[in-house]
Amino acid sequence: MRALLSDEQRMLKEVAGQIAGTSGPVNPGDLATLDRSAAWRALAQAGLLALRARDEDGTPVGSGVEVAMVAEATGAGLVPVPYLGSAVMAMELLALAGAEEEAGELADGVARAGVLLDGNLEGLAHLPGDGPWYGWDIDGADHALALLDTVDGTRVVRVPLGTGFAGADGADLTRVLARRDAPIDPATLQTVGDPLTAEDLTRWEALALAAVCADTVGVMRSAVTKAVDYAKERVQYGVPIGSFQAVQHMCAEAYVSTEAAASATNYAAWAVDALDPEEALLAARTAKAHCAGVAREVTETVMQVFGGIGQTYEHIAHVHTRRALTNRQVLGDEGAQLLRIADVRLTGE
Amino acid sequence: MRALLSDEQRMLKEVAGQIAGTSGPVNPGDLATLDRSAAWRALAQAGLLALRARDEDGTPVGSGVEVAMVAEATGAGLVPVPYLGSAVMAMELLALAGAEEEAGELADGVARAGVLLDGNLEGLAHLPGDGPWYGWDIDGADHALALLDTVDGTRVVRVPLGTGFAGADGADLTRVLARRDAPIDPATLQTVGDPLTAEDLTRWEALALAAVCADTVGVMRSAVTKAVDYAKERVQYGVPIGSFQAVQHMCAEAYVSTEAAASATNYAAWAVDALDPEEALLAARTAKAHCAGVAREVTETVMQVFGGIGQTYEHIAHVHTRRALTNRQVLGDEGAQLLRIADVRLTGE
Amino acid sequence: MDYRDTPEEAAFRATLRGWLTENIPAGWDKVEDPEAAARLRRSWHRTLYQAGYVGMSWPVEYGGRGLSATYDAILNEEAGNLNAPPLPSVGYLGRAIFTYGSEEQKQQFLPSLLSGEVQWCQGFSEPEAGSDLASLRTTAKLDGDHYVVNGQKMWTSGGQYADWCMLLARTDPEVPKHKGISCFLVSMSEPGVTVRPIVIASGEAETCEVFWDEVRVPVAQRLGEPGEGWRIAMTTVAYERGPADIGFIATYRRTLAKVERMAAERGLLDRPETRKQLARAYVRGEVLRLNCVEQLAARVSGQQPGPEGSVAKLLWADAEQSLQHLAMDILGADELTGVESGWLSSYFTSRPVSVYGGSAQIQKNIIARMLGLPR
Amino acid sequence: MDYRDTPEEAAFRATLRGWLTENIPAGWDKVEDPEAAARLRRSWHRTLYQAGYVGMSWPVEYGGRGLSATYDAILNEEAGNLNAPPLPSVGYLGRAIFTYGSEEQKQQFLPSLLSGEVQWCQGFSEPEAGSDLASLRTTAKLDGDHYVVNGQKMWTSGGQYADWCMLLARTDPEVPKHKGISCFLVSMSEPGVTVRPIVIASGEAETCEVFWDEVRVPVAQRLGEPGEGWRIAMTTVAYERGPADIGFIATYRRTLAKVERMAAERGLLDRPETRKQLARAYVRGEVLRLNCVEQLAARVSGQQPGPEGSVAKLLWADAEQSLQHLAMDILGADELTGVESGWLSSYFTSRPVSVYGGSAQIQKNIIARMLGLPR
């Protein structure tokens with residue numbers, strides 16, 4: 001029992017932190033000018049987009065732990081690139097489907113894919129069915145992956161984003177979102193790789209949830225750090241506001257919620273590849289329930305510590321809040337996770 | 001629009017406060033030695049048990065506002081006499097049923113009655129039906145009042161407490177509670193007065209809820225006052241603990257919750273006699289939902305401010321908590337009230 | 001104790017309601033252009049003034065009607081119920097001017113303030129002086145019969161549409177910080193005044209920064225004595241509007257009704273949890289309303305506004321923010337995908353409620369003082 | 001990173017589980033008489049000791065097995081899972097003695113501490129020195145080769161059943177308060193020691209007051225140097241047991257299972273709200289467990305216990321108190337009428353979790369220091 005990163009993992013974390021730390025916005029205005037391609041290339045060159053590629057014996061190159069470290073780093077940096085959408089969620093779908101060639105393109109960063117989510121952003125789109133659908137985290141992608149029920153079983157399909165989708169004015173300023181209301185004709189969809197088993201889908205969901213949690217932990221950790229730094233510097237009544245016990249306790253509570261989220265997420269990330277799929281999914285839902293439960297509160301506390309300035313558009317605080325609020329919803333909020341956890345725990349007793 | 005006490009009401013409040021202030025326990029140990037009959041006689045002599053008696057034209061001698069003032073005072077004093085059970089709830093049942101003689105005995109304080117509540121303490125027992133039942137706030141009473149469905153309609157009945165009831169070890173150390181599991185034979189029950197209308201029952205519930213709320217406000221207000229006083233005196237780290245912002249804010253939050261409860265309760269108490277029964281009941285449920293929602297939190301905060309000493313049996317803090325927790329449940333907790341409020345507000349839209 | 005209108009109040013309410021129904025400008029809340037919206041607010045002020053609905057509780061000698069604050073509360077309630085444009089806020093400024101102003105100042109400023117001919121803003125906060133207002137750095141240096149003002153103000157609501165500003169500036173840097181501040185009445189069209197809108201997190205321009213660069217203000221436009229600025233500011237803040245005074249409660253009810261409708265449209269009304277959440281939101285609104293009603297009664301009976309106002313401010317922030325949380329939980333993704341974009345904006349607008357007018361922390365400090373807890 | 005047992009750990013766990021199944025005294029949790037319960041705890045300590053399960057992480061030279069803290073954690077977890085009696089707590093006392101004690105003291109006290117022959121209590125807090133421990137007033141005055149102790153200690157858990165006490169007393173009133181405190185090892189059977197149980201709000205005697213009246217303590221029983229008492233106390237407190245070290249997590253799981261059963265018996269499992277509440281309680285327990293597991297890993301890898309422990313303590317208090325609130329909400333009146341009386345008692349017992357070992361406020365202060373926020 002050693003819930004500690006190995007030396008290799010620590011190195012990877014450092015690399016991811018370095019890239020992410022210089023690739024995100026310092027102020028919201030930077031989002032208009034940032035070189036997103038450079039950030040993507042840097043992630044690709046460091047091999048961070050290839051973590052879920054499979055080696056010869058079918059083992060992922062990097063485990064859920066490595067994925068979570070990179071996701072936490074890109075979350076902390078508010079990096080506006082589709083690491084979750086393309087390198088984790090789409091990549092894992094392709095890898096599970098055995099679509100080596102397509103997976104390889106994503107791993108190299110030469111192609112990108114998003115994922116198609118249902119109208120409440122709660123799950124991967126399962127076609128055919130009624131919309132609306134959202135292409136989520138699709139920056140630079142010309143298609144999003146979804147599932148299609150076929151006579152052969154559940155298949156991964158490419159849904160072209162070029163037609164029938166309209167850009168959506170999403171809350172999250174760091175991810176690209178598009179909406180489709182019109183029905184999708186299954187005949188127009190291109191299937192990729194082999195059908196997925198129920199176990200594949202469970203494993204995929206565990207990984208996707210763990211990655212969203214890790215991104216959220218990053219968003220919260222860096223937000224709390226910024227608030228704490230501000231509280232040390234900002235002087236009111238002749239003293240730094242961080243010397244007021246009320247501000248100290250606000251920061252401490254946000255810190256506790258965030259560190260607890262990190263503990264649950266680390267385990268969920270480890271569980272993805274180490275435990276049975278059902279156990280891994282329970283760990284992931286547990287982490288997501290906690291992360292979703294605290295994400296709004298923590299980022300609101302951060303805005304509150306920043307006082308008036310933290311309520312302005314020019315300040316970075318709301319970019320954290322917006323990403324945290326969206327992460328909260330993606331793949332199911334606290335209530336959705338709790339109901340599924342209850343199904344596991346309370347049924348069969 | 002004048003949400004202010006009249007001069008007469010202020011005088012009554014003062015009288016009630018004086019009696020209650022000297023009739024309750026300073027320490028839990030006092031509960032074994034207090035002269036409860038003296039307190040009861042003092043309330044009777046001041047006319048405070050007769051507020052819900054009716055004058056010649058059928059109007060209550062005192063409105064819900066006067067009842068709430070006395071209930072708040074006895075709650076604040078943790079006075080261990082059945083003001084709510086006998087002088088409010090039982091009294092009002094008798095008055096509504098037109099049982100003048102029986103009501104007169106309660107008003108004079110020469111007799112006492114409790115009320116029979118259902119097994120979850122959520123409502124007045126409606127017989128016949130399955131138990132268990134609780135005789136609640138029955139100190140000195142040989143019977144409790146309940147409702148019985150008869151061919152003439154809903155009647156008030158006396159349920160003798162002498163047989164079939166066992167003393168219950170209730171959380172609230174200031175009220176007497178007895179439980180009955182055995183069925184009650186309707187033939188053994190003595191009906192009192194005339195049948196009650198649906199409107200009577202609604203009005204009764206509004207009054208009973210407002211009185212429980214007022215008692216709770218009293219329990220909370222005096223608890224917060226004691227905690228604030230302690231915070232001014234208790235020195236740690238060379239300063240009074242009340243100079244720590246964390247303690248200040250705990251006290252402030254408890255104060256805000258309590259004052260808000262008082263505002264809602266004052267209106268509910270006024271509404272009992274001034275508005276239509278349905279409106280009065282909505283006001284009462286609103287007050288109870290808030291009071292029940294904050295009672296536990298406020299009294300817990302008070303115990304927390306008292307630190308270690310506030311966790312001991314010898315200290316008065318838990319007597320507040322126990323009465324507040326029980327009030328929270330009696331006639332329905334927050335959840336129960338909210339569901340009924342939702343029925344009123346969301347149905348018919 | 002009576003929560004009902006007196007016959008006079010009821011008559012006033014009935015007349016008012018009829019008048020509002022006739023006079024609320026149709027479609028005012030669909031106006032998106034900020035300039036047009038500002039013109040509309042100005043014209044709404046004049047319309048109200050002509051009907052006698054502005055400054056009702058001001059003394060008659062200053063153009064008011066000498067009515068009790070109850071009438072202002074009724075106005076706010078009915079205007080909120082009938083979804084009128086926001087009511088002009090003249091009370092706190094007027095009070096400062098008729099309490100501290102010279103006879104000339106009263107003559108010059110009060111009538112046009114009341115009538116809405118002249119629109120005002122308030123230059124108090126600064127980037128480095130938010131909750132700690134007394135540490136403000138904007139200076140006003142005496143130069144003959146003028147003061148020369150330099151500095152930067154922040155959170156100056158309505159600064160971009162105001163004609164005049166009630167400004168706090170430091171006139172004496174040598175004395176303790178509360179004692180060196182004076183108050184000025186300054187035209188916003190003076191050379192050297194630059195206004196820049198502040199866009200808040202929702203993406204909307206809600207307030208302004210104002211830069212003061214060598215702005216010359218005649219000595220006659222100082223309000224009160226030199227160094228009296230802090231006292232004037234505190235009087236003003238004490239009369240700053242609580243939730244009742246801005247029709248918040250009526251607005252809250254309307255918003256709650258919208259949330260209830262959204263829950264119904266989404267088929268959530270058969271979920272006991274949602275029913276409870278909606279009922280709890282109703283209870284929060286009622287509790288706030290009833291607390292405000294009691295405070296109003298106390299004020300009408302002659303009590304000065306005191307720290308009890310902090311209770312209402314905390315209940316207000318809690319009610320507003322909880323309602324926005326509830327809306328977000330009911331809307332789910334629709335609030336985050338732009339499908340129901342107004343709600344995300346309302347959510348962000350609800351956040352500073354616990355910062356404006358003294359943060360929630362400061363309100364709790366005030367209550368702690370009132371409870372006699374030591375500093 | 002691996003959350004699974006190593007092969008050695010797995011083997012240890014399997015052996016332990018078998019041993020516990022054999023050795024847990026049947027019906028121990030039905031024993032109501034406090035004296036009998038104390039005898040049972042003492043005999044349980046000896047049983048564990050004989051099997052080598054006490055002081056496993058102590059250095060071998062002091063009678064331990066030199067194992068990593070992981071083994072203590074496994075012991076706590078399994079003991080909790082199998083509902084064993086509480087494990088004896090010797091770690092913090094032992095650490096103080098083998099860090100600060102003389103060779104004679106180590107020889108005299110460590111073996112009987114480990115074996116459970118001698119039961120200890122801790123005389124730190126006082127009525128006027130709770131969270132502010134350094135202001136303690138109990139004095140120890142040097143009189144020849146003895147110290148004479150006078151004062152009153154409070155919250156001395158197990159005081160009524162202890163043989164010896166690790167006592168803090170002021171030996172020098174002239175120096176700053178942290179520097180004038182010394183630590184003593186004192187027999188509870190000395191003349192002048194009086195123990196009075198403290199009944200907590202639940203109605204149960206959980207802890208004690210101890211009165212010290214002219215108690216004579218040989219100088220040789222002072223632990224460490226004069227004035228070193230504060231340092232010793234802080235070492236002890238740093239090793240004070242967190243939620244993981246007392247099998248809390250396993251106990252929490254058992255309690256949650258009971259609450260789930262009660263909800264099922266009451267037919268509440270078809271209510272989505274109840275299902276969510278129960279799942280949330282599960283999540284709270286898991287989050288706490290996983291936080292503790294990470295801390296354990298950090299400790300095993302050589303890090304000293306630090307302020308991160310405050311995170312677990314806050315999560316602990318929150319989990320425990322929320323679970324008791326949930327039980328109360330599910331039980332409704334049954335908790336308040338004595339029908340399910342154990343739960344009201346558990347509720348009151350859960351309250352001081354946020355007071356013991358430094359209140360929630362103090363834990364937050366510690367975290368604020370760790371974050372570098374200024375005093």
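These are my notebook entries on a predicted model, taken chain by chain.

**Entry 1. Chain A, overall**

I looked up the secondary structure of chain A and found 10 helices and 10 strands. I then took the extent along the principal axes, where the C-alpha atoms of chain A fill a box of roughly 70 × 50 × 40 Å. For the radius of gyration I read 20 Å in chain A, and this agrees with the value near 20 Å for a compact globule of 349 residues.

**Entry 2. Chain A, annotated C-terminal span**

I checked the UniProt record, which is an unreviewed entry, and it puts "domain: Acyl-CoA dehydrogenase/oxidase C-terminal" at residues 211-343 of chain A. I looked up what that span holds: residues 211-343 of chain A are 79% helix and 3% strand.

**Entry 3. Chain A, a backbone angle**

I went through the backbone angles and stopped at A:L78, a residue other than glycine with a positive phi, near 50 degrees. I noted this because most residues other than glycine have a negative phi. As for where A:L78 sits, I found it in the loop that runs between α3 (64-76) and α4 (83-96) of chain A.

**Entry 4. Chains A and B as copies**

I superposed chain A on chain B and needed a rotation of 180 degrees, with 0.0 Å of shift along the axis; the RMSD is 0.0 Å. The two copies are therefore related as by a two-fold rotation axis. I also compared the interface residues: 100% of those in chain A are interface residues in chain B too, so the copies meet through the same surface.

**Entry 5. Chain B, cis peptide bonds**

One joins B:L127 to B:P128, with omega about -5 degrees. Another joins B:G131 to B:P132, with omega about 0 degrees. I placed B:P128 in the loop between β2 (126-127) and β3 (133-136) of chain B. B:P132 also lies in the loop between β2 and β3 of chain B.

**Entry 6. Chain C, overall**

I repeated the overall look-up for chain C and found 12 helices and eight strands. The C-alpha trace of chain C spans about 75 × 50 × 45 Å along its principal axes.

**Entry 7. Chain C, annotated spans**

UniProt, in an unreviewed entry, gives residues 6-117 of chain C as "domain: Acyl-CoA dehydrogenase/oxidase N-terminal". I read 62% helix and 0% strand over that span, with its end C-alpha atoms 34 Å apart. For residues 121-215 of chain C, the unreviewed UniProt entry lists "domain: Acyl-CoA oxidase/dehydrogenase middle". This span is 0% helix and 51% strand, and its end C-alpha atoms lie 16 Å apart.

**Entry 8. Chain C, a helix pair**

I examined how helix α1 (residues 7-23) of chain C packs with helix α3 (residues 69-81) of chain C: the angle is about 35 degrees and the axes are 10 Å apart. The crossing of α1(C) past α3(C) is right-handed. I listed the residues in contact; from α1(C) they include C:F12, C:L16 and C:L20, and from α3(C) they include C:Y71, C:I74 and C:L75. Charged residues take part as well, among them C:E8, C:E9, C:R13 and C:R17 in α1(C) and C:E77 and C:E78 in α3(C). By class I recorded seven nonpolar, one polar and six charged residues in the contact of α1(C) with α3(C).

Conventions. Residues are numbered from 1 along each chain as its sequence is written. Chains are lettered from A and ligands numbered from 1 in the order in which they are written. This is a predicted model: local features need pLDDT of at least 70, side-chain atom pairs count only at pLDDT 80 or more; totals for chains, interfaces and linings use all residues. Side-chain values use heavy atoms; hydrogens and water are left out. UniProt positions are given in the numbering used here, feature names are shortened, and annotations may be inferred rather than shown by experiment. Helices (H or I, at least four residues) and strands (E, at least two) are DSSP runs, numbered from the N terminus. Axes are lines fitted to C-alpha atoms, for helices over the stretch in contact, and angles run from 0 to 180 degrees between N-to-C directions. A crossing is left-handed if the near helix is turned anticlockwise from the far one by less than a right angle, and right-handed if clockwise. Contact means heavy atoms within 4.5 Å. Copies are superposed by least squares on the C-alpha atoms of residues with pLDDT of at least 70 in both. The radius of gyration is taken over C-alpha atoms; the globule rule is 2.2 Å times the number of residues to the power 0.38.
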